[in-house]
Amino acid sequence: MSDRPGRVITHENLLEHVWGPAHRQDLDYQRVAVRALRKKVEADPASCGLIINKPGVGYRIAIEARARALRSSPILST
């Protein structure tokens, strides 16, 4: 998702690339993983400021939030 900020990655595509083709319909895996990821990367995981859910479609990374994160990161801004 971070390679294509702003573009929606479908649930099926994300599931297949992360867990393999046998898990294309296992949305529970994805929900749990996205929740854990939000806890790690977002100041307020409930606000969904960086990882945006497109109901029934997939997820995308907010372009403006990604740019802010890159600028504020001491590792990534150098």
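Here are a few notes on the aromatic pair and the strands in this predicted model.

1. Start with the rings. There is one aromatic pair in the structure, made by tryptophan 19 and tyrosine 29. Their centres are 5.9 Å apart and the planes sit at 25° to each other, so the pair is classed as stacked, given that planes under 30 degrees apart count that way.

2. Where do tryptophan 19 and tyrosine 29 lie? Tryptophan 19 belongs to helix H1 (residues 11–19) and tyrosine 29 to helix H2 (residues 27–41), so the pair ties together parts that are 10 residues apart in sequence.

3. On to the strands. E3 (residues 58–61) runs antiparallel to E1 (residues 9–10), and two bridges join them. If you want to find that pairing on screen, look at isoleucine 9, whose bridge partner in E3 is tyrosine 59.

4. E3 also pairs with E2 (residues 51–54), again antiparallel, this time through four bridges. Here isoleucine 52 is the residue standing opposite arginine 60 of E3.

Terms used
Residues numbered from 1 in each chain as written. Predicted model: local features only at pLDDT ≥ 70, side-chain atom pairs only at ≥ 80, totals over all residues. Heavy atoms only, no water. Phe/Tyr/Trp six-rings, centres within 6.5 Å; stacked < 30°, edge-to-face > 60°. Pairing = 2+ DSSP bridges.
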